[in-house]
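Please keep the sequence and the structure in view while I speak.

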Amino acid sequence: MCEIQIWLNRQDFEYDIYALVRSFYPGRQTEVHRMEGDTPPEQSMRPLGEQVFVVAWSGGQKIYVECRMEGQTPVHIEDVPDSPDDRIAVKNRLKQLLYQTLQAFTGRALVWGTLTGIRPVKLAAGFLEDGMDAAKVQAYMEETYYLSRQKSSLCVEIALREREILDGLDCRNGYSLYIGIPFCPSICMYCSFSSYPLEKWKNRVDTYVETLCREIRASAPLMQGKELHTVYIGGGTPTTLEPDQMEKLLDCLEEAFPLENLWEFTVEAGRPDSIRREKLAVLKKHSISRISVNPQTMNQKTLDFIGRRHTVEEIQNAYWLVREMGFDNINMDLIAGLPGEGVQEVEHTLNEIRKLGPDSLTMHSLAVKRAARLRLFSEEHKELTFENSSKIMDMAENYAREMGLLPYYLYRQKNMAGNLENVGYAKPGKASLYNILMMGEKQSIVACGSGSISKQVYPDGQIERCENVKDVTQYIDRIDEMIERKKQLWNR
Ligand code: SF4
């Protein structure tokens, strides 16, 4: 039987309600039910499980919220004036009410308050753009969304820093280019991307690169008259490409797109077991300005557990090799909440990272969204915890600041361990513009490769998307269709 039940008699705000309830009860089975009329269906509730939540709506005049536990009287009932003209005000009030009720029910507060979206910084940036000063934005976010003081302050700090970093960039007249390479040396236990093990797919990589080049050549003319500001080659693991394949891809990209206005060119090397001197030489030759070497953890036991199939020493060697080859902007990604890792293990990782001294660091909170293998793994290894907490994220922030890295972008994902966030920290001048532009939805992104998503951002902020198929074989076979879809997106 489902543990958490939500009853609604209107569709408005269904997702907001669902997401907020889930934030209080991550990992619990939750269902949304429809009901007729204004009053909660007593009968329907009786046979239900441990917890019952009801959000009912009355006749268009008022919104009525009620939460109850089976066998107990309702904890909280209140009316919200329903104003069809001010949807945002109604949504905010409704979420506040639901939050208060759930807080009373569970005895817990959420650091992100009622916010369930993935871009809290975009909200803060919007208020700043509208002319609100920083202190007012912070106060507004605490009063309206119940953000903790720490999170409201972080959001405003990042929004201000982003504004400073983007100063001088004509976002509206520019765009970014994303290229996806879906292959990896092995598949990590927690992976929620569509990545393919290289060993099994190596005979298809050449065809994939050829197809990708076709898409790149067809995409460039769609952006004529606009400036290309950033390029990001991600994945997967782009450095699974052999030097000649990488060379072919970069040659094609340089021939197709004008690079004279480029501010940043990132290649996510990612897995250290894919990084070799010859590959780095190709990247250097093509003026790649930013590289990621991603350890995720510096604990060997965890690396083994999660199927990374490389050693801590390989991470260190790869990092120093990238430095030796002259790259002066190296990012490292870490994940908090990996199996068996608590404060001590993450602290060990942070100490090891400090010895390396990267130019930027991205601290992820493990998202267990679709990681079926990870769930299976956690069932088999019940002795291991999947812990992430504010304490761990705060510790990471302190380490980053001590290393001279300041927070510059932040986003949240669904089903994150501890309902927390991902934060990028960077030395001054080393922040990734692509990350800021993409997360702030500040300009269009042309994306090429399987599973990539192109986004057309219109001057009024509206966004239209076009997705490529995730399956590599389908991508190769249906490339003409992908190109046609993209043409339609940009020629609307
Ligand atoms: S390196 Fe990243 S994309 Fe590749 S399998 Fe691991 S988590 Fe997935």
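This is a predicted model: local features need pLDDT of at least 70, side-chain atom pairs count only at pLDDT 80 or more; totals for chains, interfaces and linings use all residues.

Let us begin with strand E13, where Ser360, Thr362 and His364 point one way while Leu361, Met363 and Ser365 point the other way, and all of them are buried. In a regular strand, side chains alternate between the two faces of the sheet. Strand E13 covers residues 360-365, and six of its six residues are buried, so the strand is mostly covered.

Which strands does E13 pair with? With strand E12, residues 330-336, it runs parallel, and six bridges join the two. Between E12 and E13 the chain passes through helix H13, residues 343-356, and this β-α-β crossover is right-handed.

Apart from its neighbours within four places in sequence, Leu406 is in contact with Arg161, Arg401, Tyr425 and Ala426. How far apart in space are Leu406 and Leu361? Their C-alpha atoms are 9.4 Å apart, although 45 residues separate the two in sequence. Is Leu406 buried, exposed or partly exposed? Leu406 counts as partly exposed because it has 19 other C-beta atoms within 10 Å, whereas a buried residue needs 20 or more.

The protein has 18 helices and 18 strands. Of its 492 residues, 42% are buried. If we take the contacts with a separation of 6 or more, 73% of them are between residues 24 or more positions apart.

I turn next to the backbone. Most residues other than glycine have a negative phi, and most peptide bonds are trans. Which places deserve a look with that in mind? Tyr146 is not a glycine, yet it has a positive phi of about 60°. Tyr146 is found in the loop between helix H5, residues 134-145, and helix H6, residues 149-166. Tyr146 counts as buried because it has 21 C-beta neighbours inside 10 Å.

Gln296, again not a glycine, has a positive phi of about 70°. Its loop runs between strand E11, residues 290-293, and helix H11, residues 300-305. Gln296 has 23 C-beta neighbours inside 10 Å and therefore counts as buried.

As for the peptide bonds, the one from Gly235 to Gly236 is cis, with omega near 15°. Gly236 is found in the loop between strand E9, residues 227-235, and helix H9, residues 243-256.

Those two glycines bring us to the ligand. Which residues surround the ligand? Gly235 and Gly236 are both among them, together with Cys184, Ile187, Cys188, Cys191, Phe193, Ser195, Thr237, Gly270 and Arg271. By type, this shell divides into five nonpolar residues, five polar residues and one charged residue.

To close, I would ask you to find two places on the structure. Thank you for your attention.

Technical notes. Residues are numbered from 1 along each chain as its sequence is written. A residue is near a molecule or strand if its C-beta atom, placed from the backbone, lies within 6 Å of it. Ala, Val, Leu, Ile, Met, Phe, Trp, Tyr, Cys and Pro count as nonpolar, Asp, Glu, Lys and Arg as charged, and the others, Gly among them, as polar. Helices (H or I, at least four residues) and strands (E, at least two) are DSSP runs, numbered from the N terminus. A residue is buried if 20 or more other C-beta atoms lie within 10 Å of its own, exposed if 12 or fewer, and partly exposed in between; C-beta atoms are placed from the backbone. Two residues are in contact if their C-beta atoms, placed from the backbone, lie within 7 Å. Two strands pair if DSSP finds at least two bridges between them. A crossover is right-handed if, with the strands pointing away from the viewer, the path from the first strand over the helix to the second runs clockwise.
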